[in-house]
Amino acid sequence: MSPMPGYTAWCMAGLLLCAALLLLRRPAARLLRLIVRSSVGLAVLAAFSQVSHLVGVNLGVNLVNALVLGVLGVPGFGLLLLLQWALR
């Protein structure tokens, strides 16, 4: 039995890639949405850290806080502020 020619192997790999993309389209879109929202949350945390000394509240600019903001949005920001106040 001879091995498949090169173009056949590439076509099979392309079909497998297309099938994987079709199956994983929804989870990949959700992951991309979480990444975008978390990066926006990280930018909000960085902007808030510049003016936080005026308010007297310090929130850390880190991945966990950015993920909380990415998942929960504005209520997550309030939750972070409440946790920072309660754990003081």
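Reply: The model is a predicted one, and a word on confidence comes before the details. The protein chain has a mean pLDDT of 89, with 95% of its residues at 70 or more. Helix H3 is where confidence is highest in the protein chain, at a mean of 93, while helix H1 (residues 6-23) is where confidence is lowest, at 87.

Is Ala-66 buried or exposed? Ala-66 has a relative accessibility of 2% and therefore counts as buried, since the cut-off for buried is under 20%. If residues up to four places away in sequence are not counted, Ala-66 touches Ser-38, Leu-42 and Leu-45.

Leaving aside neighbours within four places in sequence, Leu-42 is in contact with Val-61, Asn-62 and Ala-66. Leu-42 and Gln-84 are 42 residues apart along the chain, and 17 Å separates their C-alpha atoms.

Next comes the wider contact between the two helices. Two packed helices are described by the angle between their axes and the distance between the axes. For H2 (residues 25-55) and H3 (residues 63-72), the axes come within 7 Å and cross at roughly 120°. That angle makes H2 oblique to H3. The crossing in which H2 passes H3 is right-handed. On the H2 side the contact is made by Leu-34, Arg-37, Ser-38, Gly-41, Leu-42 and Leu-45, and on the H3 side by Asn-65, Ala-66, Leu-67, Leu-69, Gly-70 and Val-71. By class, the residues in this contact of H2 with H3 are seven nonpolar, four polar and one charged.

H3 also packs with helix H4 (residues 74-86), at an angle of about 140° and with the axes 6 Å apart. H3 and H4 are therefore oblique to each other. Here Asn-65, Val-68, Leu-69 and Leu-72 of H3 meet Val-74, Pro-75, Gly-76, Phe-77, Leu-79 and Leu-80 of H4. The contact of H3 with H4 has eight nonpolar residues, two polar ones and no charged ones.

The last stop is Ala-86, found in helix H4. Ala-86 has a relative accessibility of 52% and so counts as exposed, whereas Ala-66 counts as buried. From Ala-86 to Ala-28, the C-alpha distance is 36 Å, and the two are 58 residues apart in sequence.

Note on methods. Residues numbered from 1 in each chain as written. Predicted model: local features only at pLDDT ≥ 70, side-chain atom pairs only at ≥ 80, totals over all residues. Heavy atoms only, no water. Axes fitted to C-alpha atoms, helices over the stretch in contact; angles between N-to-C directions. Helix = DSSP H or I, 4+ residues; strand = E, 2+ residues; numbered from the N terminus. Parallel < 35°, antiparallel > 145°, perpendicular 65-115°, else oblique. Left-handed = near helix turned anticlockwise from the far one by under 90°. Contact = heavy atoms within 4.5 Å. Nonpolar A, V, L, I, M, F, W, Y, C, P; charged D, E, K, R; others polar. pLDDT = per-residue confidence, 0-100. Buried < 20%, exposed > 50% of the residue type's maximum accessible area, 1.4 Å probe, protein only.
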